[in-house]
Structures are given as C-alpha cells and as structure tokens.
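Subject: Structure handover

Hello,

My notes on it follow below.

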Amino acid sequence: MDHFPEGCISKILSLTSPKDAARSSAVSHIFMSAAESDNVWETFVPSDYQQAISGSRSLMVFPSKKQLYFSLCDSPILLDGGKLSLSLDKETGGKCLMVAARNLGIMWGGTPAYWEWLSHSDARFSEVAKLKRISWLDIRGKIGTRMLSKRTSYCAYLVFKLEDGFYGLINVKAVVRFADTESDHEVKKRAKVVHFSEQGSRARPPLIRSDGWMELKMGNFFNDTGEDGDVEARLMQIRQNWKHGLIVQGIEFRPE
C-alpha cells in the first residue's frame, strides 16, 4: 500500500481502531506519517471533546490530536465542578466516566455517625466517603446514557479501598438498570452477589487498578444510541451486621 497517497492511508487508518493505527506506524515511513495525522486521531477522540475540555478545570493544549488522545487516556479531566471525571479507553477510544462519591446516592451519607467525608491523597476528586460503622449499605450511581459512547458495551465498577481492620464487607449484591424503564422491584430479582474480599470465601477478589485503588464489577449494559435516559448502578447489603472500613472514591462506567 506504500504507493497509495498518504491521505488515502490516513483515511483507511481512521476507519480502524486507535490500537491498529498505532501499530501501523511500524509498517513503513509513509504509514508512520499517516498514523501521526490529525485526520486519523480526530476520529478517535469523542466528537464532543471540545465541549468536555472547555468544562474541565484545566485548559488542555496539545500540538497534535494524537497527544490529546493519549493524554485523555492517561490523565482524566474533571467535569461538573469536580464531581465527574472523563477519560478514554486506550484501545477503543470509548468514554470512561467516573461519578465522584459526592454525586452518589449513599444511604445515610449525610450522617456523620455513619459516614465521614475527607480528602485522600490518591483520589482524583477532592473528597471521598469513608464508612465509619453501619448495618445497612446502599450505594447508587447514575450517569446519562447520552454522555457515554454510543453502540458500546459498558461495565459499572465501584472504585474503593478497604482500611486495615475492615469488617462486615464480604458478600454484597449489585445490579445495573436503566432507571427510566426498570423499577427497583424488577431489578432486585436479578441482582447478583459480588465480593468485596476473599475473606471467608473462595471468590475472586476485586481487581487492583493501576492507580492503586480497587474496583468491584457491579454489572454491565449496552448503550445503544444514548437515548435510554439514566443508567444506575446499585450496591446493597441489608443484613443486620455491622460494616466498617470502606472508602469510596466513586462509580466508574467504562467500556467492557
């Protein structure tokens, strides 16, 4: 294909994936030049990225769309007054959105005897929620499907840490629903048991993320055209046993 004009190669690469475009640089010099083109990487960043950047706390200026793309993959930007973060999935370019703990529906979250709000050096948000002691755990996070990448399979994850000496946090239930079309009663029937830790069970523990936090998969869904209203991820355990030591950074909605 080296006899093709560079513009034609750029057009072809723009129809592939970020991963394929990056790999093509090793084919030849003309492929390397085409793979660096703004015309290619413009198709991989979200079409509304300029609006997202303008709503972030920091002004992002990059000499190329490729540098912008990888910055959005590696360095999430804060939106909505610092209560939402946006990054991109490096392989697909799909939007990853994390709802900060302050924007979650945490039962008794405003009661100091049960939950404490504090800063955390490893968190991307200004505040995290720390569970002091509670028996009824119920955490919900919502995101508008219009904000997510279209025609994309997503997973929802609780992003958290466990303090030394935590207790009562082993088996909980989680479910994901389209809030406008499914009631709480309907989805409770399909809520699945997930595991905060392997303590007392043979279940696979949550994964450790590259940022040092842990993530617990709550469920998955398919975002079609972004016209399904809000999608809600919910974590719950209503057994009357005391729980302590959970630190919640947020709930992330990420391409599967």
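How many residues are in the protein, and what percentage of them do buried residues make up? There are 256 residues, and 50% of them are buried. Buried means under 20% relative accessible area, exposed means over 50%, and partly exposed is in between (1.4 Å probe, protein chains only).

Before the details, two notes on the source. This is a predicted model, so local features need pLDDT of at least 70 and side-chain atom pairs count only at pLDDT 80 or more, while totals for chains, interfaces and linings use all residues. Residues are numbered from 1 along each chain as its sequence is written, and side-chain values use heavy atoms, with hydrogens and water left out.

Overall fold

The protein has 7 helices and 14 strands. These are DSSP runs, numbered from the N terminus: helices are H or I with at least four residues, strands are E with at least two. Take the contacts with a separation of 6 or more: 69% of them join residues 24 or more positions apart. A contact here means heavy atoms within 4.5 Å. The protein exposes about 13100 Å², and 51% of that comes from carbon and sulfur atoms. Areas come from the Shrake-Rupley method with a 1.4 Å probe; for residues, only the protein chains shown count as cover.

Salt bridges

There are 17 salt bridges. The criterion is a side-chain nitrogen of Lys or Arg within 4 Å of a carboxyl oxygen of Asp or Glu. D211 pairs with R124 at 3.9 Å, N to O. D211 is in the loop between β11 (207-208) and β12 (214-223), and R124 is in the loop between β5 (115-118) and β6, so this bridge ties together parts 87 residues apart in sequence. Both ends are partly exposed: D211 at 30%, R124 at 23%.

E232 bridges to R177, with the closest N and O atoms 2.9 Å apart. E232 is in strand β13 (residues 230-237) and R177 in strand β9 (residues 171-178), 55 residues apart. Both residues are buried.

R254 and E215 also meet at 2.9 Å, N to O. R254 sits in strand β14 (residues 244-255) and E215 in strand β12, so the pair ties together parts 39 residues apart in sequence. R254 is buried at 18% relative accessibility, and E215 is buried at 8%. Shared partners join R124, R209, D211, E215, E252 and R254 into one salt-bridge network.

Aromatic rings

There are 10 aromatic pairs. Rings of Phe, Tyr and Trp (its six-membered ring) pair if their centres lie within 6.5 Å; planes under 30 degrees apart are stacked, over 60 edge-to-face, and the rest tilted. W41 and F44 are edge-to-face, 5.2 Å centre to centre with 80° between the planes. W41 is buried at 0% relative accessible area, and F44 is buried at 7%. Ring pairs link W41, F44, Y69 and F70 into a cluster.

R133 has its charged end over the ring of W242, 3.9 Å from the centre. K161 does likewise over W213, at 5.1 Å. The test is NZ of Lys or CZ of Arg within 6 Å of the ring centre and within 35 degrees of the ring normal.

Surface patch

M107, W108, W136 and I238 form a nonpolar surface patch with about 400 Å² of accessible area together. Patch residues have over 30% relative accessible area and no salt bridge; like charges are joined within 9 Å, nonpolar side chains (Val, Leu, Ile, Met, Phe, Trp, Tyr) within 5 Å. W108 is partly exposed at 46%. W136 is partly exposed at 34% and lies in the loop between β6 (128-131) and β7 (137-144).

Best wishes
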